[in-house]
Structure formats: structure tokens, C-alpha cells
Amino acid sequence: MQFSRSIITGGSFVSHYSGVCRSGFDILHQKISPGAFHDSGERFEPPKCHPNTRKAVIRIIMDWIQSAFVSFPIIWVHGPAGAGKSAIAQTIAELCHTLGLLLGSFFFSRIADGRNNEKCLIPTIAYQVALYIPATRSHIERAVANDPSVFDKSLEAQARVLIVEPLQLAYQMHACSSAEQPVWPTLLIIDGLDECFDTKTQTIILQVLCDIAQKLNSVHVHTLIACRPEHHLRTAFNTGRLNLLSRRLHLDYSFHPDADIELFLRDKFAAIRENHPFDSDIPKDWPSHDNISLLVAKSSGQFIFASTVVRYVESIHGPPVERLKIVCGLSSPPNELEAPFVELDKLYHHILSSVSNISTVLRLLGMKLVEATSTTSIVNAINPIDCGEPWSIGQFLWLQDDDLRYSLANLDSVLVKIVDDGWDVQLLHASLPDFFTDRSRSGRFYIDIEKVHADVAICYIKHFSRLERQNQRSANLWYHLSDHLKLAFPTEELRRELLSFDVMKVVWKRRYFHWESGLSCVPHFLASIQSSKYSDRNLIHQEIRRKIDQYFEAGLSHYRQVDAVLDDGFTFHDLKVLVAANARFLTIDDSDNMTIGVGFYHPFWINLTEHLASAGSFAVDKDCLDLVGALSDVSFDHCRRLLHEFLQEPGRAKGFYVTGDMFAGMALRCLRSTVEHMPGYAAIPIA
């Protein structure tokens with residue numbers, strides 16, 4: 001068992017542990033993390049703001065630090081991963097150290113012992129307080145000497161004994177000897193709080209910093225906290241005392257980061273041209289304006305991408321011109337060790353590793369990657385069809401919105417941004433698509449775009465069943481489904497959905513206008529099956545077409561089978577022939593667009609459609625095929641095409657098959673009508 005006692009020696013407080021004499025300051029020094037200092041050798045060449053960049057942000061922070069009156073003692077600098085938060089914190093630390101304003105700093109790091117947890121936080125800050133305000137040193141030494149176990153107590157207790165009380169005592173003693181306010185440092189900087197391992201501990205640290213700010217209000221201590229806006233940290237800043245005592249400084253586009261990034265890139269590339277060992281091989285106009293523009297766009301306002309590019313290009317292990325081509329995707333790296341984005345990929349892996357339900361998140365992010373190459377939102381494509389409230393992205397994926405928000409909590413405002421009150425998600429890094437779609441970079445987070453297309457197609461098919469009705473914009477959904485089918489990986493799940501998908505049931509049961517108008521996109525859908533990557537696509541196509549044929553048979557069976565229904569003597573069978581024949585007047589181009597041939601404007605057709613339009617005795621009920629519309633309405637082009645194919649194949653049409661003799665008879669009737677409408681030739685006999 002160890003015994004300790006404290007004595008004062010020459011103004012220093014000394015603690016004796018079982019005969020070992022150690023000063024309070026020595027004990028304190030053993031508990032600190034020197035690597036967390038702003039000028040630590042462990043953090044050699046730390047990130048900091050490039051000259052003449054981030055001027056607006058730095059000005060705001062410095063005005064706050066130097067203000068005589070402060071309404072909020074804490075500023076939270078936050079932004080997406082790689083936005084430059086640590087660079088700003090480092091720049092402010094160096095500037096304030098030069099001006100004598102820095103009271104203490106702690107730079108967390110997930111990969112550095114002593115800087116990835118809370119154990120050294122308070123001792124490290126207390127040590128700096130003792131250095132920068134010598135009047136506090138004796139009070140801190142006494143506290144340590146009196147109770148060396150203080151370092152094993154709670155963070156709150158440590159902060160009170162080692163920081164708050166020594167500062168209060170030092171200020172009280174100064175007030176007794178001078179009427180003037182002491183000109184002492186007041187700025188504490190905590191950077192990278194999100195890199196402290198335990199999220200609960202991160203929240204506790206925030207509360208302790210809040211206590212320090214509140215209890216040292218008269219001392220005017222300023223606390224700058226820089227970290228990613230992860231969910232639990234946002235919650236802490238949005239509630240209680242911390243919400244009242246803090247101000248947020250969001251590193252968004254209001255600070256015009258693109259201009260700063262462009263300046264940074266141009267200056268760095270200029271330095272490479274002048275100082276690189278291979279400078280003789282670098283053209284004077286390198287890099288091009290297009291190269292700079294591409295890199296700025298890929299940065300998405302985040303300095304980490306630009307700085308990663310510069311470190312790779314300026315390396316002496318290869319020609320800068322060639323290395324920039326690799327960065328821009330114009331050539332491939334010679335080997336994996338030469339990959340340009342290793343550091344950036346490590347950051348992405350670290351952040352994604354914190355996600356609990358990563359499969360759900362990757363599914364959603366995959367959909368956003370596919371959507372980025374489309375002109376229409378995947379979710380918006382289906383929203384106009386339903387008469388209810390618009391859908392969220394979670395509903396489209398058959399997920400609960402709360403589950404989706406929970407899954408994205410650690411990524412929100414870090415790699416993605418939840419927008420429209422949870423209805424949608426935006427990617428915050430333009431470099432993310434390159435990362436996710438390159439298996440060598442993303443590893444277990446790889447997103448197979450072809451499988452994403454399959455997933456989206458499955459969702460579309462399933463959502464058809466819940467639509468209350470179709471409207472004129474429902475064609476969008478059919479076309480989107482068809483487009484995804486052509487690009488989809490041939491998964492077994494998608495195959496099952498296609499084989500069980502009753503196309504005509506959707507059109508028939510969910511009709512809003514004439515159900516035949518719902519057929520307008522079916523040919524395009526069938527063509528996408530034929531263009532799919534399935535080896536048995538012909539069998540899938542035949543199965544879907546078989547279901548279509550069943551509905552054609554049902555629709556045609558609703559007609560009265562009479563011999564004469566019009567004054568001109570047209571029968572139901574004649575009407576079938578006319579529909580089949582009329583389809584031949586359609587011109588179909590490569591883009592699947594249809595135009596009407598001259599046959600539609602022949603007097604025979606004009607006269608015929610006038611008669612048919614007034615014929616009400618064809619149909620038995622509303623479920624019959626509208627052959628009149630299919631014959632005369634331009635909007636029925638695709639329906640007419642499907643009917644033509646059906647009626648022309650005996651194995652499919654069965655009793656409704658249109659024979660060659662029927663065509664011949666109709667041709668003769670058309671010829672007679674033509675002659676009758678030729679001036680001066682009315683009397684010409686036609687055999």
C-alpha cells in the first residue's frame with residue numbers, strides 16, 4: 001500500500017509517494033498527451049489554411065476571440081468530412097499563440113494513443129493553462145499534490161479542480177492587487193472531437209466544456225470546437241445549456257470554398273512547376289483550365305480532395321503530368337501502391353465503418369448514384385401517379401422512414417445530407433461515386449451499379465401494385481422501369497418478379513382513362529425484356545406476352561358477334577381486320593416513335609371513322625377492347641401495334657385470327673371505296 005503526503009518546497013508543491021519525491025507539475029506532466037498540442041512534433045506538418053484562403057471564416061472567429069463583449073463563449077465549427085475544420089483550428093491556434101491569446105488546445109486523432117480517448121484531455125489543457133498563465137501554476141500543482149488520484153476521477157471533477165478553480169483563484173488574486181483586468185490568454189481549442197472513440201464520452205466532453213465556459217464566464221474563456229456534425233453531437237448542441245451558450249459556424253457554400261480551392265490548386269501546381277525534380281518535363285501552361293475546373297468540381301467544397309490530389313501529384317516518385325492524368329481518370333496507376341486517393345479512401349472507410357445497418361445505407365446510396373446519371377429523380381418518377389402524399393426515398397425502397405434516418409445518422413452532414421424533412425438524400429462529396437464504384441478502393445463498401453438497376457426495377461414492379469389509379473403521367477414509370485431493366489444485373493429476385501408481374505392486370509384494374517391507353521408503354525417494356533442481360537430472356541418475354549394475350553382474348557370476347565352493325569355493312573370481324581390492317585400504316589423508327597402513314601387520311605378511313613364513332617352497339621360493357629379507338633385514335637398507336645401482332649399469329653389469336661382472305665376482302669372493299677371517291681370514275685365497275 002502506498003502512502004502520500006504533500007509539502008511546499010521553495011514555492012513548489014511536492015508529493016511523496018512511498019519515499020519518492022515528485023512535484024505536482026511532474027505528476028501532471030506524466031498524465032498529458034504532448035501530441036495533442038498545436039505545435040506538437042507528433043503532428044509534424046499539420047493541416048492548416050493555405051495563404052489567402054478561408055479569410056471570411058478566420059475573420060469571424062478572430063473577431064469573436066478579440067471582442068470585449070461575448071454573448072456566447074463557445075463556437076462550433078462543423079462541416080462534412082474533409083471540409084477543412086482541422087486546418088482552420090490549426091491556423092487559429094498558430095495565430096492566437098503568436099498573439100498571446102491561446103490558453104490551450106487538444107487535437108484528437110483516432111489513430112494516435114493518448115489522443116483517441118478522454119483520459120489525457122483535462123490534464124493536457126491544465127498543463128497548458130499553467131504554462132500560458134503562470135499565476136495558475138501554483139494552484140494546479142497544489143491540487144495535484146494534494147490529491148494525485150484526481151486523474152482517476154470524472155472529467156467534470158478533473159476540470160473543476162485542475163482548470164476552473166485555478167483560473168478563478170488566479171483572477172481573484174490579481175483583482176486584489178490590481179484594478180485592471182489581466183491580459184491573459186482566453187482561447188481553448190478542441191479539434192476532432194468526433195475522433196474520440198466513444199460517442200457517449202464525446203457528449204460528456206461537450207457538457208464538461210460547457211461547464212467550464214459557464215463557470216469561467218467572468219474570465220471570458222472562449223472555446224472553439226471543431227468536429228464533424230455527427231448525429232449525437234448535433235443533438236448535444238441543439239439541447240440544454242450548450243444550445244444557449246454556443247454558436248454554429250457551418251462550413252458550407254456561403255463561404256465560397258470553390259474559389260479558395262481553386263486558389264490553393266493553382267498555387268500548389270505553380271510550385272510543382274518550379275520546384276519538382278521533373279520540372280523540365282512540365283509544360284508552362286500545365287495544368288489546363290479544364291483540369292483545374294474538374295478538380296474543383298470533384299472537391300465539392302471539401303479541401304481534403306484537393307490536398308490529396310496535390311500530395312499525389314507533387315510526389316517525386318513519378319512525373320507530375322502523368323500523375324495528374326491518373327487523378328483525372330485519363331490513365332491508370334501502375335500499381336495499387338500508387339493509387340492517388342489512399343488517404344481519402346481511409347477517411348471514407350472509417351466513416352462508413354461506424355454505420356450499423358450498412359447494407360441498407362449502401363442500397364440507398366447506390367440508388368442515388370444511379371439517379372445522378374439520370375435526368376429524373378427515381379422517387380419523383382413514381383410520385384405523380386399516386387393521389388396521396390408524395391413518397392420519401394425510404395418508402396420507395398420499402399423501408400420505414402425512421403429506420404432510414406437511424407441508419408443514416410452517422411453519415412448525415414458528414415458524407416450525405418438528409419433534405420426535404422427526410423424525403424431525400426444528397427451526396428456531399430462528388431468523389432464518392434468514384435469511390436463506391438471502384439472495388440479496389442471501396443472494398444466491402446463496393447456498390448455494383450448493375451445490381452442497383454435491378455433493385456430499382458424490382459421496386460418499380462412492386463409499386464405498380466399499390467397505385468390507386470394511372471394517369472397520363474404513368475407512362476413515365478413504365479419507361480423508367482424499362483430503362484432500368486435493360487441495364488440491370490440478371491438477379492434471380494428480379495427474374496421472379498418479372499415472371500409473376502401481371503402487366504395487363506396493372507393496366508386493366510388500375511385504369512383511369514380508357515385502359516388501352518395504359519398499353520402505350522407495354523411494347524417498350526417488352527423490348528426491354530428482350531434487351532436485358534438474362535440468358536432466358538426469350539422465355540421471360542413469352543410468359544409476359546402470354547398474359548397480355550389472355551387479356552386481349554377477354555377484351556375481344558365482350559363484343560356482340562353480329563353480322564351487320566353498321567349501315568355500311570361492317571361486322572365485328574371486319575373491324576378486327578381493319579385494326580390489323582391499319583397497323584401497317586404506322587412507321588416505327590429506331591427510337592420506337594410512331595408516325596401515321598398516308599392511309600389515315602384516305603377518304604375511306606375518314607368516312608369509316610365517322611360511322612364507327614357513332615356506333616354504340618359494338619360493346620357489351622366497359623371491359624371490352626375499344627377497337628373503334630384503336631382504329632381511329634392516334635394515341636392508340638402502341639395498342640394498335642400490339643393488337644396487330646396478336647391478330648396476325650394464329651397460335652396466339654386462336655378464334656380471333658385474321659386470315660389472308662379477310663385481308664383480301666377488306667382490300668377489295670377499300671379499292672371500291674377509293675374508286676367511288678375518284679371524280680369522274682364513279683361508274684367504273686370493280687369485279
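Student: H220: buried, exposed or partly exposed, and how do you know?
Tutor: H220 has a relative accessible area of 38%. Buried means under 20%, exposed over 50%, and partly exposed in between (1.4 Å probe, protein chains only). So H220 is partly exposed. The model is predicted: local features need pLDDT of at least 70, side-chain atom pairs count only at pLDDT 80 or more, and totals for chains, interfaces and linings use all residues. Residues are numbered from 1 along each chain as its sequence is written, and side-chain values use heavy atoms, without hydrogens or water.

Student: What is the phi of H220, and where does H220 sit?
Tutor: Phi is about 65 degrees, positive although H220 is not a glycine. H220 lies in the loop between α7 and β7. Helices (H or I, at least four residues) and strands (E, at least two) are DSSP runs, numbered from the N terminus.

Student: How do you know whether E45 is buried or exposed?
Tutor: E45 has 63% relative accessibility, so it counts as exposed. Its phi is near 55 degrees, a positive value in a residue other than glycine. E45 belongs to the loop between α1 (24–30) and α2 (55–66).

Student: Why is strand β6 called largely enclosed?
Tutor: In β6 (residues 187–191), 5 of the 5 residues are buried, so the rest of the structure largely encloses the strand. Both faces are covered. L187, I189 and D191 are buried on one side, L188 and I190 on the other.

Student: How do you know that β6 pairs with strand β5?
Tutor: Strands pair if DSSP finds at least two bridges between them. β5 (residues 102–107) and β6 have 5 bridges and run parallel.

Student: What makes the span of α15 close to the one expected?
Tutor: The expected span is 1.5 Å times one less than the number of residues. α15 (residues 358–372) has 15 residues and reaches 21 Å from first C-alpha to last, close to the 21 Å expected. Of its 15 residues, 12 are buried, so α15 is largely enclosed by the rest of the structure.

Student: How many aromatic pairs are there?
Tutor: The structure holds 13. Rings of Phe, Tyr and Trp (its six-membered ring) pair if their centres lie within 6.5 Å; planes under 30 degrees apart count as stacked, over 60 as edge-to-face and the rest as tilted.

Student: What makes Y348 and F435 stacked, tilted or edge-to-face?
Tutor: Their centres are 5.1 Å apart and their planes at 65 degrees, so the pair is edge-to-face. Y348 lies in helix α14 (residues 342–352) and F435 in helix α19 (residues 432–436), so the pair ties together parts 87 residues apart in sequence. Y348 is buried, with a relative accessible area of 0%. F435 is also at 0% and counts as buried.

Student: What makes R43 sit over the ring of F107?
Tutor: A charge sits over a ring if NZ of Lys or CZ of Arg is within 6 Å of the ring centre and within 35 degrees of the ring normal. The charged end of R43 sits over the F107 ring, 3.9 Å from its centre. K451 lies over the face of F489, at 5.3 Å from the ring centre.
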